[in-house]
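Q: Please take me through this model one feature at a time. For each, I would like the general idea and then the case at hand.

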Amino acid sequence: MAAKTQAKNSTENEIIALFMNYVLENEVVPKSIYKFCKINKIKEENFYKHFGSVEGIQKAIWISFYKNTEILIRKNTEFESFSNKDKMLTFFFSFFELLNLNRSYVIFSQKNTCSLNENMLQLKGLRKCIKAFANNLIREGNANKSLKITQHSPSLFSEGAWVQFLFLLKFWMNDDSAGFEKTDIAIEKSVNTVFDIFDNTPFDSIIDFGKFIFKEKLV
């Protein structure tokens, strides 16, 4: 009788990598945690130490994208001296660069669900992260403004940043340009527009962004 292969304790990142690989190779999300763990020689209790369900690991993957992006941008010693607009640009450029490296999984995860609600559930944790990032940017900016009338609403801006991300994600998923250069343009124009609106000088950027959207037939 052949000896059983010993199941191993795996880290959160190792399990995420195995899950993404399983999805891409089988073109389906695992229906059973037991079978997924058995195939990948993971202790089932070890899986549940990190994730409560298949839906839980799907959410965690998007959060890991955010965490890895934040680690990357903060390695730049000059990041803290950037303007809020440049910090947001850096975040989006870096985040979508990471998505480029995981494009096959992201496209599958967003296009092979039964409803928009399922897609939003996967992004629930990411939504909190992006809103918190944007919220902090505005609070930092407000701290430097002595007049309350010149201060911006963190809640309004953070919700706008999330809507902006959803727009960019959809744009990126449909982008067939070399190196996804059109997504880079969309990021720059959309961030410039949002910050110009908050700085009460919106017209040039809005017109420019509108022309870009029309050209790409996104409306």
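Q: Where is Leu 126 found?
A: Leu 126 is found in helix 8; helices (H or I, at least four residues) and strands (E, at least two) are DSSP runs, numbered from the N terminus. This is a predicted model, in which local features need pLDDT of at least 70 and side-chain atom pairs count only at pLDDT 80 or more, while totals for chains, interfaces and linings use all residues. Residues are numbered from 1 along each chain as its sequence is written, and side-chain values use heavy atoms, with hydrogens and water left out.

Q: Is Leu 126 buried or exposed?
A: Buried means under 20% relative accessible area, exposed over 50%, and partly exposed in between (1.4 Å probe, protein chains only). Leu 126 has a relative accessible area of 0%, so it counts as buried.

Q: Which residues does Leu 126 touch, not counting residues up to four places away in sequence?
A: Contact means heavy atoms within 4.5 Å. On that basis Leu 126 touches Trp 62, Ile 63, Tyr 66, Phe 95, Trp 162 and Phe 165, with residues up to four places away in sequence not counted. The C-alpha atoms of Leu 126 and Ile 61 are separated by 9.2 Å, and these two residues are 65 residues apart along the chain.

Q: Which residues have the most contacts inside the largest nonpolar core?
A: A nonpolar core is a set of buried Ala, Val, Leu, Ile, Met, Phe, Trp, Tyr and Cys residues joined through side-chain atoms within 4.5 Å. The largest one here has 55 residues, and Trp 62, Met 88, Phe 95, Phe 96, Phe 165 and Leu 169 have the most contacts inside it. Elements that give two or more residues to this core include helix 4 (54-74), helix 5 (84-101), helix 8 (124-143) and helix 9 (154-173). Helix 9 gives the most, with 9 residues. As for Leu 169, its contacts beyond four places in sequence are Trp 62, Phe 96, Leu 99, Val 106, Gln 110 and Leu 123.

Q: What does Ser 158 contact, leaving aside its neighbours within four places in sequence?
A: Ser 158 lies in helix 9. Its relative accessibility is 3%, so Ser 158 counts as buried. With those neighbours left aside, Ser 158 is in contact with Lys 131, Ala 134 and Asn 135.

Q: How should the span of helix 1 be read?
A: The expected span of a helix is 1.5 Å times one less than its number of residues. Helix 1 has 15 residues and should therefore span 21 Å; its end C-alpha atoms are 21 Å apart, which agrees.

Q: Which residues of helix 1 are buried?
A: An α-helix has 3.6 residues a turn, so residues three or four places apart point the same way. In helix 1 the buried residues are Ile 15, Ile 16, Phe 19, Met 20, Tyr 22 and Val 23. They cover an arc of only 155 degrees around the axis, so they are on the same side of helix 1; the arc is that of the directions from the helix axis to the C-beta atoms. Asn 13 and Glu 25 are exposed on the other side of helix 1. The buried residues of helix 1 pack against helix 2, helix 3 (44-50), helix 4 and helix 6.

Q: Which residue just after helix 1 takes a positive phi?
A: Glu 27 does, at about 55 degrees. Lys 41 also has a positive phi, near 55 degrees, in a residue other than glycine. Lys 41 is found in the loop between helix 2 and helix 3, and at 39% relative accessibility it counts as partly exposed. Phe 180, not a glycine, has a positive phi of about 55 degrees; its place is in the loop between helix 9 and helix 10.

Q: How many disulfides does the structure hold?
A: A disulfide is a covalent bond between the sulfur atoms of two cysteines. Taken as a pair of cysteine sulfur atoms within 2.5 Å, the structure holds 0 disulfides. Cys 37 counts as buried at 1% relative accessibility, and Cys 129 counts as buried at 18%.

Q: How many helices and strands are in the protein chain?
A: There are 11 helices and 0 strands. Of the 219 residues in the chain, 42% are buried.
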